[in-house]
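Visitor: I have a structure open and would like to talk it through. Could you begin with the ligand and then move on to the rest?

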Amino acid sequence: METKIFTIRDPQRDRAAIEAVASILRSGGLAAIPTETVYGLAADGLNPEAVASIYRAKGRPSDNPLILHVDQAERMRPLVTSIPPEAQALIDRFWPGPLTLILPKTDRVPAVTAGGLDTVAVRCPSHPIAHAIIAAAGTPLAAPSANLSGKPSPTTFRDLCDDLTGRVDALVDAGDCGIGVESTVLTLADGRPRVLRPGGVSLEALRTVLPATELDTAVLHEVSPDTHPASPGMKYKHYAPKAHVILLEGDLAGYVRYVNAHAAPGVFALCFEGEQSALAVPAVLYGLPGDPESQAHRLFAALREVDRRGARTVYARTPDREGVGLAVYNRLLRSAGFEVIEV
Ligand code: TXA
Ligand code: MG
């Protein structure tokens, strides 16, 4: 398939490109678009054939539902059976932004979009180019992260091209994504707020609006493949580079000691800026020590870089879990297949 590339940096100035991408989407095509979290692989979320082609392009299991992206909160109304006051309070505080809400769906949402569930995930991105494309398409866009299934989500145009060139109709080059990890997924489907996936909106921030917000056990614990986690995405191996990733839990001194004792060809460190000088192995850096935002921004690109550099074993520094750090920790745990060593 021929893949067109549209460079868009300004939704006003690049109006013609926005219209061209929107027209591809309206006619059932696939386009990868930027969001403030990660790049997404978008199609008309109300067109079952278009949505089916998302699953094919990504190699994604069909029971893993997609998020519908809207350009304003009003557009959520026809998609869900009702908007309870808890959802409205979160929308008022966090939309547009990296928060996805799950509610019981209406018949307007095709079964293929919802992965066969009776609920639907909806979010309103704050990225101005995403906003302009959704508005011009005039339909909610289904968009999972734009990686091939299992790989880290793309946060740079280069990583996007690596995965999807030749597999989709269009790629939008909008530079690097700001946040770097995906949206927070919160369900209100059974009336009680519960985070299924930590992300760009922190648990602490959610609890300032809904103090009773809980964290699903699958966020920090491995779920067996034959159970039915609340979020189907949690049961698949995820965010994994080809290299074998192991998370080392402990302070910097313990980390350096362990890594240097295991130095060998193909062994890499995945650590924070400034920590590499004490290490006897090559290092790939993911953000500044004690700065969860910068760690989130860099994590997925760093996980792809270790593969590019031919790493076989990667010892990763454990991030702090405050704020967006909980999302960083959750993604790293999954890329390590839950292999953690105390150092
Ligand atoms: O930041 C993001 O959320 C990005 C950008 C592109 O918007 N999108 C994204 O989509 O991360 P995806 O498909 O890679 O992850 C969506 C997650 C999956 O774990 C999926 O299982 C879960 O949300 N999900 C979607 N609909 C659901 C539903 N109805 N019930 C439970 N979990 C759902
Ligand atoms: Mg994904």
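**The ligand shell and the protein around it**

Guide: By class, the shell around ligand 1 consists of 14 nonpolar, 9 polar and 4 charged residues. Please bear in mind that this is a predicted model.

Visitor: How many residues surround ligand 1, and which are the closest?

Guide: The shell holds 27 residues, and the closest are Thr37, Arg60, Asn64, His69 and Ser183.

Visitor: What lies 2.7 Å from a polar side-chain atom of Thr37?

Guide: That atom of Thr37 is 2.7 Å from an oxygen atom of ligand 1. For Asn64, a side-chain N or O atom is 2.6 Å from an oxygen atom of the ligand. His69 likewise has a side-chain N or O atom 2.6 Å from an oxygen atom of ligand 1.

Visitor: And how much of the accessible area of ligand 1 does the protein cover?

Guide: On its own, ligand 1 has 690 Å² of accessible area, and the protein covers 97% of this.

Visitor: Which elements give two or more residues to that shell?

Guide: They are strand S4 (67–69), strand S6 (119–123) and strand S10 (194–197). The largest share comes from S6, with 4 residues.

Visitor: Changing topic: how many cavities of 30 Å³ or more are there?

Guide: The count comes to 1 cavity of 30 Å³ or more. The largest cavity has a volume of about 50 Å³.

Visitor: What lines the largest cavity?

Guide: The lining includes Thr184, Val195, Pro198, Leu215 and Ala327. By class, the lining residues are 8 nonpolar, 4 polar and no charged.

Visitor: What about the overall fold: how many helices and strands?

Guide: The protein has 9 helices and 16 strands. Its C-alpha trace spans about 60 × 45 × 40 Å along the principal axes.

Visitor: What radius of gyration would a compact globule have with 343 residues?

Guide: It would be near 20 Å; the protein has 20 Å, so the two agree.

Visitor: Now the backbone. Which residues does a cis peptide bond join?

Guide: It joins Trp95 and Pro96, with omega at about -10 degrees. Pro96 sits in the loop between helix H3 (85–94) and strand S5 (99–104).

Visitor: Which residue has a positive phi although it is not a glycine?

Guide: Phe338 does, with a phi of about 65 degrees. Phe338 is in the loop between helix H9 (325–335) and strand S16 (340–342).

Visitor: Why single out these two features?

Guide: Because most residues other than glycine have a negative phi, and most peptide bonds are trans.

Notes. Residues numbered from 1 in each chain as written. Chains lettered and ligands numbered in written order. Predicted model: local features only at pLDDT ≥ 70, side-chain atom pairs only at ≥ 80, totals over all residues. Heavy atoms only, no water. Near = heavy atom within 4 Å. Polar contact = N/O pair within 3.5 Å; in protein donor to acceptor, adjacent residues only side chain to side chain. Areas by Shrake-Rupley, 256 points an atom, 1.4 Å probe, with all protein chains shown as cover. Nonpolar A, V, L, I, M, F, W, Y, C, P; charged D, E, K, R; others polar. 1 Å grid on protein atoms, 1.4 Å probe; cavity = no way out; pocket = protein on both sides within 12 Å on 5 of 7 lines; lining within 4 Å. Points joined across faces, edges and corners; volume = space filled by probe spheres on them. Rg over C-alpha atoms; globule rule 2.2 N^0.38 Å.
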